[in-house]
Every structure is written in structure tokens, then in C-alpha cells.
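Here's a quick briefing to read alongside the model.

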Amino acid sequence: MKSQEITKRWVDFFVSKGHTAVPSASLVSSDPSLLFTVAGMVPFIPYLTAREEPPFDRATSVQKCIRTGDIEEVGKTARHGTFFQMCGNFSFGDYFKEDAIKFAFELLTKSVDDGGYGLDVERLWVTVYEEDDEAQDLWLKNTGIPASRIQRMGKADNYWSTGQPGPAGPCSEIYYDRGPAYGAEGGPIADENRYVEIWNLVFMQYQIENVRSKVDFDIAGELPKKNIDTGLGMERLAMILQGVENMYETDQVRPVIDKAAALSGKEYTSAESADDPHHTDDVRMRVVADHIRSALMLISDGVSPSNEGRGYVLRRLIRRAVRAMRLLGVEEACLPQLLPASRDAMKGVYPVVETDFDRISRIAYAEERAFLRTIASGTARLEEAVVLSKAAGKPLSGEDAFALHDTYGFPIDLTLEMAEEAGLKVDEAEFRSLMLEQRQRAQADAKSKKGGHADVSAFQELLAEGETIFTGYTELEGEARV
Ligand code: ATP
Ligand code: MG
Ligand code: MG
Ligand code: MG
């Protein structure tokens, strides 16, 4: 079943259950505290928090999402994209747990001829919050899933809250067992690769207060109007229904893998295990396919490459894709080949990626060319430093990393990645303190600063990276915002 058919069935099903179909909002979140739309519920936050009166009691959507926090998982797990589509159904003070569970079970298991997805009940597992006996009973009463396939999880996994006083509540998640070839037996608690999480049902049930952390708060009482917020990963369901190994091999993503394979002359083999000699190249092709699609969708929603915020995320995605292609042996510009492949895979659902392709591609290709120039100037310098450091039996010095950044505009993530490939660590602490010094110098004497651009962008990079590999730099954030 093609992705487009999966989303059509989703909307048709929930419309038949009285939901209003709401088009996807932009990837650029309307919520100022979020860089991007990270879940289907984001556009509905004003209704879910009762700040605004919803125009409907029930809604359904297929929401474009970006999760930069998952970037390091891409290509390595079967199931994490930086861009993906979250199918959701929502109740604003209307139906609650019982119907949410019934709807989910009905749609997943209803036969394909009947408009459903035709999943085998025997393959479905469920988790519930450990104190939510009600949810467990409803699963037992309304579905063919036995207690032996229902697992209980703690607050960290199966409880939703914003970390602020307000609505919160337990979750219940649905997993699909891909079979013994994918990992150990024992349900989702044992193996998340074999048992793939496909759907999260959030029961917004309580008002919480005295919030000490996301998992430590007091329940003030039941919400006067309880809400349902659910999210199913469209690509994960597509992976199952299309019988492929991972979400990057589904119909909207795979064509770019094939293009990357053709350009590099390497065979794509679906290798999952690091023991497989094809593994590293396969991960790279999956990264390329994922990042190119995310870049296409981000530019389409109005984001341009820059050194801060959303633009930096886009810049990083394009650079990572270009880097991965280089590691596959392609040194010349390849976005002019890859981006059209992604466009053609996505235009059926998002016609704008075709009608606006001139603008989108101009932005993307210019960014690739600029990055190739940066690489050309910095690589020789880095290689020199690597050889010297190795000979001295030392990590790459923070001074070298800093010089690369400062003089060549060589991004620190690239330095870390290339050093790691050469089997070298980087003295990140020293790099960090040099960055800080530079910042302080700049502050002390703003006038004598030459361009100003380099050090500001440096701090912005750290800021944008905060969530992923640069967690160690968070203490710089406050200053970087100046
Ligand atoms: P996981 O534990 O696999 O990282 P999650 O618990 O972070 O998933 P939720 O926040 O519950 O995911 O989001 C709801 C649904 O969206 C998930 O059940 C999954 O199907 C889908 N989803 C979440 N993150 C991604 C992603 N990075 N790529 C593709 N689908 C995703
Ligand atoms: Mg996750
Ligand atoms: Mg999860
Ligand atoms: Mg989840």
C-alpha cells in the first residue's frame, strides 16, 4: 500500500467517525517555543490547553513533522526520520479512552478490502502506563489482544506532560512485532527494533501542579474536559505494509537511495548489522535519502539556510547529506540529481514541491556549492593536523579545531566526524574554551572586531546543536542569545 493510500484511508476512516479533516500545518511551528512542528498535536495546542475554544469536538490530520533530536538515529535504526508524517486523531472534551482504543484497533486490523490496514492481531503489542488499569481493561474488553501482550511502563515512557502545570495524562502505545529475524522475544520492553512503536495514544486526563520535573508532579484533579491526542508514524506503518526493512525504503524515500547508489556506483543492500560489510555505505545512503527529503520539505515551507535557528538545522541537513555522498565517493555536486528524485517521490501528496521547485532547488543547490567550497579549503588543513596529532599520539587539539572553524569556516561537527573517521578524538574542552575566549574578546572590544560574523555564527552553531551532539555546550547558550 502506497503512502498516499495510507493517509487517504486514515482521513476517510476518522471522517467516517465524525472527525473534521484538518490540513497539515507548516513545519515552521506556530508555537514560538518550538523551532519546528514536532507532532500532530502542535497546531491544536490552544484547544488542548483550553486557551481557545475549538471549532470542532473531533479532528484528524496528517501532519508534517521535523524532529532534529532524532538526527543521530537516522539510517541506524529502522524507524527514525528527521522528517516524517504523523497521522493523528483528536478529541477535545468529546470521546475518551474507550473510543480512542476502539478506533485504533478497528482501523489497524480491519481488512484491506474494507478500507483498513489489515494488520494481523497476533502481531500487535500494547503498552499502558503502569497505574492505568482502566486502559488495560479497555484493551482486554474491546480487542483481541491478550494480557500477555500488554506491558506496563513507567512515567518516563508512558506519561505525557508539558513539564508545566496544566493538562497531563497517561499514554498507551501500539507496537508491531516484525518477527524473530529482527530481535529477541519479549515485547517492546525487550526490543524496540523487533517490536516497532507505531501509534501513541495520549489520554489527557489530569490537571497537574507543583511540577518538579517531567516525571515528578502532583495531580490536582481530573480535567473538566478530557482530551485525546494520538499520533501514528505514517512511514512506520508504510514500512510494515510495504514489507520493507526500514522507513527509508518506503515509496516516498527509497527513490533517493536508488539515486545515491547509482551516482556512487555502490550497491544498496538493506544491511542492518554493523557486521555486514555493506552496513556503513547503506547507513550513508539512508542518511542521504532522509536529509534530502527533509531539506526539500523545509525549504518548501519557507526555511532558508543560515547560521542560526531553523536555517542552521536546514544547513546542517544539507551538509550532512553532501558529506555522506562524499564518503560514498562522490565529490562533485549531487543535489541536482538527488533533489528531483525526492521531489518526484513527494509531489503526489505535496504538489507544491513541484510547482515551487525552481525556488526550492535554487536555494538548495547554492547551499551545496557553498559547502563544497568550504570543504575544499578546510580538508587539506584538517588532514595535516590529523597526521601530526596521530604521530604525536594525541587527540586533535582544540586549537586546530578552532583554527579550522575560524579561518576556513569548517563546521565543528564536520571536524569531529572526520577526526573520528581517522580514529582520532578531538580536544573538545579546549575548543570550547577557545570559543568562549573569542566571545569574550569580542564583547570586550566590539569595535575592533573585524567581521563579527564568524564568532556570532560559531555560537549560534553551538546553540542549534544543543539538542544533539553538543549537549556539553549548553552552558554557552545564555551568552549566545545576547
Ligand atoms: P520512538 O520511541 O520510536 O523514538 P517516540 O515515542 O519518540 O518514538 P512519539 O513521540 O510517541 O514517538 O510520536 C508518535 C508516533 O510518531 C510514534 O509512535 C512513531 O510512530 C512516530 N514517530 C516518532 N518519531 C519519529 C521519527 N523520528 N520518524 C518517524 N516516525 C516517528
Ligand atoms: Mg523518539
Ligand atoms: Mg517511544
Ligand atoms: Mg511514543
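Predicted model: local features only at pLDDT ≥ 70, side-chain atom pairs only at ≥ 80, totals over all residues.

Residues are numbered from 1 along each chain as its sequence is written, and chains are lettered from A and ligands numbered from 1 in the order in which they are written.

**Overall fold**

- The protein has 17 helices and nine strands; helices (H or I, at least four residues) and strands (E, at least two) are DSSP runs, numbered from the N terminus.
- Its radius of gyration is 24 Å, close to the 23 Å from the globule rule for 482 residues, so the protein is as compact as a globular protein of that length. That radius is taken over C-alpha atoms, and the rule is 2.2 Å times the number of residues to the power 0.38.
- Along the principal axes, the C-alpha atoms fill a box of roughly 70 × 50 × 45 Å.
- Of the 482 residues, 43% count as buried (20 or more other C-beta atoms within 10 Å of the residue's own; exposed is 12 or fewer, partly exposed is in between, and C-beta atoms are placed from the backbone).
- Among contacts with a separation of 6 or more, 67% come from residues 24 or more positions apart; two residues are in contact if their C-beta atoms, placed from the backbone, lie within 7 Å.

**Around ligand 1**

- Ligand 1 is surrounded by 16 residues, and the closest are Asp-70, Phe-84, Asn-200, Gly-231 and Gly-233. To count as near, a residue needs its C-beta atom, placed from the backbone, within 6 Å.
- Two or more shell residues each come from β3 (83–92), β8 (195–213), β9 (216–233) and α6 (234–241), and β8 gives the largest share, four residues.
- By type, the shell splits into five nonpolar, five polar and six charged residues. Here Ala, Val, Leu, Ile, Met, Phe, Trp, Tyr, Cys and Pro are nonpolar, Asp, Glu, Lys and Arg are charged, and the others, Gly among them, are polar.

**Strand β4**

- Six of the six residues of β4 (residues 124–129) are buried, so this strand is largely enclosed by the rest of the structure.
- Leu-124, Val-126 and Val-128 point one way, while Trp-125, Thr-127 and Tyr-129 point the other way.
- β4 pairs with β7 (residues 166–177) in the antiparallel sense over five bridges; pairing takes at least two DSSP bridges. Ile-174 in β7 is the bridge partner of Val-126.
- With β5 (residues 150–153), β4 pairs in the parallel sense over four bridges, and Thr-127 has Gln-151 as its bridge partner there.

**Helices α8 and α9**

- In α8 (residues 279–300), 19 of the 22 residues are buried, so the helix is largely enclosed by the rest of the structure. Just after α8, Gly-302 takes a positive phi of about 100°.
- α9 (residues 309–327) has 15 of its 19 residues buried, so α9 is also largely enclosed by the rest of the structure.

**Thr-7**

- Thr-7 sits in helix α1 (residues 3–16) and is partly exposed, with 19 other C-beta atoms within 10 Å.
- Setting aside neighbours within four places in sequence, Thr-7 is in contact with Val-62, Cys-87, Met-234 and Val-349.
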